[in-house]
Amino acid sequence: MQDDLPPFKSRYPALVVESFLDQELYNKLEVHFKEILSFSPTNSFGQAHRENVIVTERNLENYRGLFDECVGDLFRFLDDEHFKKYLARQLAGRDKRASDSDKIYEELRTCDVEVAFAVAGSGYENPFHVDTAKRFIHGLIYFKTHNYTGGELELALPKNQDWSECDQIPFLSALDETHIVAPIDNLGVVVLSTPNSYHRGCKTEGERLFVYFAYNSSRIGLWRKNASFANPLNFTVGRFKQKHPLIFGLLGRRIVERLTRAAQRSGR
Ligand SMILES: [Fe+2]
């Protein structure tokens with residue numbers, strides 16, 4: 001991991017790490033990826049063209065052997081000294097969760113960890129957004145990147161540095177610099193979730209396999225936030241807002257929600 005980060009990365013709370021997993025672990029997961037996806041019913045969580053198998057206590061038995069062998073090792077990076085330092089630096093002085101980095105790190109350790117094996121198909125795309133306020137950290141690891149094109153993770157910073165002004169799904173005009181992370185096998189991206197950690201999955205053509213992970217606090221909100229977090233737009237409406245800002249402004253949220261629901265029902 002780098003100590004001297006280029007300007008965007010030093011301001012955006014994320015780590016981009018090549019060879020994220022030990023090669024041996026990556027190889028095992030790559031071989032078993034489809035097998036893991038087949039163990040349990042998948043869930044789209046309302047996202048079009050994406051299916052996930054969440055590792056939970058309930059379905060853990062289905063792949064206990066695999067979990068013990070490799071999935072449990074996914075979180076070795078938490079013990080990485082560079083990661084700890086980076087996390088502390090990102091939070092220092094600008095996050096009200098805690099002023100003491102050791103305390104932050106302890107809190108991270110008590111979070112619920114959510115791991116999903118995910119497959120996104122052609123057409124998968126989401127708008128720039130910030131995750132739920134109970135999320136502390138989220139990230140992904142890319143697999144089998146030769147099977148698709150697109151599927152980049154795009155990161156963005158808002159123009160407004162006042163977090164209370166940041167919408168969960170913003171207009172594109174509210175964003176400043178963006179940075180694209182292109183998929184590479186075993187590349188990991190870890191994002192510290194804050195009210196300004198905007199990110200989106202770019203359009204994919206082909207089958208995109210990735211492991212998604214998140215650390216969720218049992219506390220409802222980890223940071224002060226804009227009112228939009230209390231009643232989030234769904235991703236379809238969010239994409240509309242970002243692609244057609246003038247029409248969105250003109251019609252208003254409620255009408256756009258009704259129109260996109262009707263368009264989805266008619267299969268458009
Ligand atoms: Fe997200």
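How many helices and strands does the chain have?

## Overall make-up

The chain has 8 helices and 11 strands. The model is predicted. The chain is 268 residues long, and 32% of them count as buried.

Among contacts with a separation of 6 or more, 81% are between residues 24 or more positions apart.

## Strand E4

Strand E4 covers residues 135-143. Of its 9 residues, 9 are buried, so the strand is largely enclosed by the rest of the structure. The cut-off for buried is 20 or more other C-beta atoms within 10 Å.

In a regular strand, side chains alternate between the two faces of the sheet.

## Partners of E4

E4 pairs with strand E11, residues 208-216. The two run antiparallel and are joined by 8 bridges.

## The loop at Ser-164

Ser-164 sits in the loop between strand E6 (153-158) and strand E7 (175-181). Is this residue buried or exposed? Ser-164 has 11 C-beta neighbours inside 10 Å, so it counts as exposed. The cut-off for exposed is 12 or fewer.

Ser-164 can also be placed relative to Asn-196. The two are 32 residues apart in sequence. In space, their C-alpha atoms are 9.6 Å apart.

Note on methods: Residues are numbered from 1 along each chain as its sequence is written. This is a predicted model: local features need pLDDT of at least 70, side-chain atom pairs count only at pLDDT 80 or more; totals for chains, interfaces and linings use all residues. Helices (H or I, at least four residues) and strands (E, at least two) are DSSP runs, numbered from the N terminus. Two strands pair if DSSP finds at least two bridges between them. Two residues are in contact if their C-beta atoms, placed from the backbone, lie within 7 Å.
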